[in-house]
Amino acid sequence: MAQPGWRDAPSPPDFSLLKRLARDQLIYLLEQLPGKKDLFIEGDLMSPLDRIANVTTLKQHEVDKLYKVEHKPIVSTSDQLCFLIRPRVATVKWVSDVVNSDKAAGRFRRYKIIFCPQKFYVCDAVLEEEGVYGDVTTDSWHFYLLPLDEDIISMELPEFFRENFLEGDQRWVETAGNALHLLHSLYGPFSKVFGMGRCAKMAYESWRELQEESEQKSRRADIGTVFLVDRDVDYVTPLCSQVVYEGLVDDIFRIKCGSVEFGPEVTSSDKSVKVMLNSEDKVFSEIRNEHFSNVFSFLSQKARNLQTAYDKRRGMDIQQMKTFVSEELKGLKQEHRLLSLHIGASESIMKKKTKQDFQELLKTEHSLLEGFEVREAIAYIEEHISRQVSMVESLRLLCLLSLTENGLLPKDYRALKSQYLQSYGVEHLLTFANLRQLGVLVEQQPGETLTVMESKVGKLVNDKTAGKLTDAFSSLAKKSNFRALSKKLALVPKSDEEYDLRVPKDMAYIFSGAYVPLSCRLVEQVLERNGWTGLEEVTRMINRHEFAVGAGGGGPEGGEKTDAQRVILVMFLGGCTYSEIAALRFLGRERGLKFIVVTTAITNSGRLLEALLDH
Amino acid sequence: MNKGKAEEDDYWHSSKYSAFTFDDDDYDFTKLKESQRAVNSIRGLVEDDCEDDEDVEKVSWSGEPVGSKSPSSFLRTSGDTQNHGFPKIQHNPPLPRQSSGYSLSSLFKGKGGLNTFRTHCKLEGRQVTITGCVSYSQVLIFLKRTLSKAILFRELAEREVALRHFIHLLKETGEQRILCCKIHLQLLQYKEHISIKDENQRKDFLKTCLSLPFSPDDSTHVQDHYMLLERQIIIEANDKRTDTEIFKKHPRKASILNMPIITTLYYSCFYHYGESEGTFSSPANIRKTFRISEKQYFLTALGARAKLKQWSDVDRLCNTTNWLGYTKKKSPIGFQRVVEILHKNGAPLQVLQDYMSLVDNTEVRVSLAQKFKCHDIVINTYKELKDRQQLIVYQSKLERGSPEYQVIDELIHSLNIRWKN
């Protein structure tokens with residue numbers, strides 16, 4: 001779909017400014033508690049903090065000892081304690097306990113809590129209830145955005161997803177608005193904002209109010225267009241198995257804050273290695289968006305090239321050798337190291353995936369996406385459960401089944417749920433309740449007439465036939481949003497055509513050519529139409545929370561696109577996957593656009609479902 | 001509210017001056033000029049308690065707006081959107097408005113607000129400042145403290161979004177018990193069992209959950225949970241001190257407490273196979289109590305017995321006797337899976353072959369046999385299919401002179417077989 005005449009995609013704005021700002025503000029806040037102090041850091045803030053300031057920086061500003069918040073009594077001899085925490089009730093209670101036990105022991109210290117990225121009202125309420133309000137000073141460190149790469153910015157707030165979409169607590173919406181405001185004031189002014197989802201709408205409003213209050217600076221925009229996407233618009237995509245390299249690495253090794261820890265099975269030594277995965281890793285940046293089936297051949301080609309480069313040494317005279325060592329060798333060694341790491345990772349991925357019979361699993365997923373041979377897919381899931389194969393995997397398949405079929409037939413729901421509880425523990429009743437609340441694993445509302453007919457027919461024929469009939473009837477009975485969306489937006493390419501994964505023709509390549517991610521397709525369609533016109537039927541099915549607005553009060557207008565307008569910020573509220581990022585990168589290359597992904601957190605099927613467990 | 005205090009309150013409500021806070025008295029703004037500039041540049045997105053000079057709405061105790069400013073920003077009509085900025089989108093979803101004489105509605109209208117509704121007090125000396133529009137949790141905390149529970153729940157019951165915020169707030173602060181008696185949150189109560197570490201206390205707690213108004217299905221599951229733990233406690237107490245052969249040979253890796261039903265069944269098939277149905281620890285008893293399907297039972301028992309290499313048990317598990325007294329082998333999971341499980345557990349070739357020959361589908365049978373190197377099966381199957389070509393292909397993969405090789409040699413030269421090719 002590459003259109004001739006498109007310029008190359010513009011380069012992304014410089015987001016390192018965000019890191020500088022965050023670091024400077026942290027220093028400023030630390031200086032608010034002059035003198036030596038011990039710093040307690042919330043566990044999940046450690047990695048983000050690590051990306052913007054090192055221990056030396058903290059020491060320079062009189063941080064004496066560093067501790068991880070562990071919700072246990074503390075051992076610190078310092079007279080000043082500083083707590084760098086998320087605005088969570090449990091942590092604030094723990095700080096209160098620390099203060100109260102000092103009080104009981106007659107010990108005087110100064111306490112400061114720095115909330116990141118902001119303080120919630122409930123935090124003050126807890127301090128007050130615990131009787132320590134006034135003993136503790138509080139501040140907020142507005143570290144909203146952490147650039148993970150040149151085109152990925154994370155808010156590092158995985159709890160956003162559960163709290164907003166499951167619990168229905170909207171307090172993080174404002175945080176999203178604040179983050180947007182920060183981006184707008186540094187890289188804006190934006191000229192268009194598109195959105196889908198209820199949370200997107202509220203975040204937009206929250207930002208707009210801030211923007212109205214603040215003065216307008218005139219600067220040349222780096223980013224022109226903004227997209228806000230609620231995770232609940234599309235749960236299918238993040239629940240699919242990832243097959244592009246970066247997604248697979250995340251699924252299997254869990255990338256944390258842009259860095260991954262490869263264990264001994266990858267490094268083929270007895271040590272684990274932490275590697276930053278971003279565009280600076282020249283090997284990684286070339287394979288991250290590739291379908292896994294291409295990765296091996298690419299890596300071996302790369303290895304051959306490397307060998308050739310090394311071989312150049314042969315027959316060099318001293319002078320040439322000197323130049324080689326000073327100019328090339330270091331780079332080659334670095335590349336060598338990275339190459340062997342990624343080869344190790346790929347082998348380890350292969351091993352794990354072969355063991356779990358990945359091929360069968362993918363086949364089942366693809367049938368679900370296609371709505372073809374659903375009975376067989378259900379049997380597969382059933383077996384998965386009865387063999388007690390991975391608890392999260394089984395759940396993932398169940399959710400995919402429900403999402404693609406618009407709910408399970410009541411009898412299937414009952415049977416599969418019972419089986420699941422038997423295999424993985426009855427306490428998963430809570431998990432099922434959560435999944436139902438979220439709408440990702442539900443029972444179909446029975447279409448009465450058909451059900452009656454079905455059961456009558458079912459009595460006359462054997463089970464297998466009845467199953468097939470049930471399929472036929474149910475596909476008549478329900479209007480599945482996913483099916484209808486899939487048809488309307490051509491999400492599932494025709495399966496009779498060969499799909500060449502080395503030369504992808506559309507975003508479906510990220511799922512082996514079986515499925516175009518809904519979230520990204522919506523972005524593509526809206527950009528193409530410069531709004532939602534013509535997508536009325538689609539918006540009805542994604543719950544009508546769509547909007548498209550332009551600066552100056554009017555709707556977005558067409559016309560020649562400036563560079564800034566071709567830089568498009570897509571903000572995922574509730575998380576996005578590396579596969580979605582890969583799809584957007586593909587779209588960007590095709591259309592001469594640069595996508596910047598902002599997300600509340602990087603997610604994948606494992607993280608998404610684990611957030612819904614109640615343990 | 002006390003009318004006499006109105007004037008004083010009015011000061012707090014409408015004052016444009018900063019509310020006094022305890023964290024702003026020793027700011028030294030001369031420090032770190034550069035950082036400060038940086039911080040200032042992001043000012044405005046900062047929710048800052050002590051900087052109250054923005055144009056914010058003032059809300060009185062009753063929730064009515066104070067002053068001339070229109071009630072709240074989202075009630076503004078789209079007409080007053082400034083031209084240079086972004087327009088308001090129709091605020092959606094509309095938050096429920098109730099016309100109960102109660103003025104809570106106006107409080108609930110403010111969604112995740114940007115400003116602060118302060119009611120914080122230092123322990124010594126409660127003072128109140130209200131500056132600006134409100135957010136849910138702020139209002140809820142305030143109302144929870146000041147309203148009787150009955151009125152609060154009456155109001156919340158009509159506002160789903162607010163109710164969900166409230167539930168989450170209570171879950172976070174560990175006060176969910178307030179809810180259990182008021183709203184039917186059986187699951188929330190059931191959830192508490194997770195935090196009970198002592199198994200007997202946990203069991204007793206689960207017993208109290210049995211009477212909660214669950215749906216019929218869930219009620220069965222909770223009942224199962226209770227019975228399961230009850231059994232596990234008995235089994236655990238016995239097995240901990242048992243030192244029979246099997247426990248010596250295969251020491252337990254972990255306690256059986258709090259394991260899922262299927263894991264418990266596996267455990268019982270492993271350590272208590274063959275016990276009579278009367279005992280709690282017997283597989284038969286567990287199977288019956290928890291209504292375990294034939295297929296599931298077969299799979300689990302097969303796994304456990306194969307792990308112990310008790311091939312005769314595997315045989316018995318598969319044997320069925322018809323009314324004429326003939327025994328026949330049957331597998332509810334298909335013989336392919338049986339073979340795979342047996343192979344995984346290192347079954348001898350003979351055992352594998354016995355089960356492999358029972359695989360109906362010849363294609364599947366051959367591929368299994370090739371995978372696990374059961375030459376006899378491959379050869380016999382091709383012979384059965386009269387497929388000479390395949391036999392020759394297979395022979396070419398074998399070591400010349402090996403017994404299998406010779407068997408095939410004899411076969412393909414045999415004149416008694418009518419080959420199809």
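Biologist: Which residues are exposed on the other side of helix 21 of chain B?
Modeller: Pro403(B) and Glu410(B) are exposed there. Keep in mind that this is a predicted model.

Biologist: And which ones are buried in that helix, residues 403-412 of chain B?
Modeller: Tyr405(B), Ile408(B), Leu411(B) and Ile412(B). They sit on the same side of helix 21 of chain B, because they cover an arc of only 125° around the axis.

Biologist: What covers the buried residues of helix 21 of chain B?
Modeller: The cover includes helix 19 (375-384) and helix 20 (388-397) of chain B.

Biologist: Where does Lys386(B) lie?
Modeller: In the loop between helix 19 and helix 20 of chain B. Lys386(B) counts as partly exposed, at 35% relative accessibility. Leaving aside neighbours within four places in sequence, Lys386(B) is in contact with residues including Ile417(B) and Trp419(B).

Biologist: New topic. How many salt bridges are there over all chains?
Modeller: A search of the whole structure finds 52. One of them joins the side chains of Lys363(A) and Glu360(A), at 4.0 Å, N to O. The two are separated by about one helical turn, because they are 3 residues apart in helix 15 of chain A.

Biologist: Is Lys363(A) buried or exposed?
Modeller: Exposed, with a relative accessible area of 51%. Glu360(A) is partly exposed at 32%.

Biologist: What about Glu167(A) and Arg162(A)?
Modeller: Their side chains meet in a salt bridge too, at 3.2 Å, N to O. Glu167(A) counts as buried at 9% relative accessibility. Arg162(A) is buried at 15%.

Methods:
Residues are numbered from 1 along each chain as its sequence is written. Chains are lettered from A and ligands numbered from 1 in the order in which they are written. This is a predicted model: local features need pLDDT of at least 70, side-chain atom pairs count only at pLDDT 80 or more; totals for chains, interfaces and linings use all residues. Side-chain values use heavy atoms; hydrogens and water are left out. Buried means under 20% relative accessible area, exposed over 50%, partly exposed in between (1.4 Å probe, protein chains only). Helices (H or I, at least four residues) and strands (E, at least two) are DSSP runs, numbered from the N terminus. The arc is that of the directions from the helix axis to the C-beta atoms. Contact means heavy atoms within 4.5 Å.
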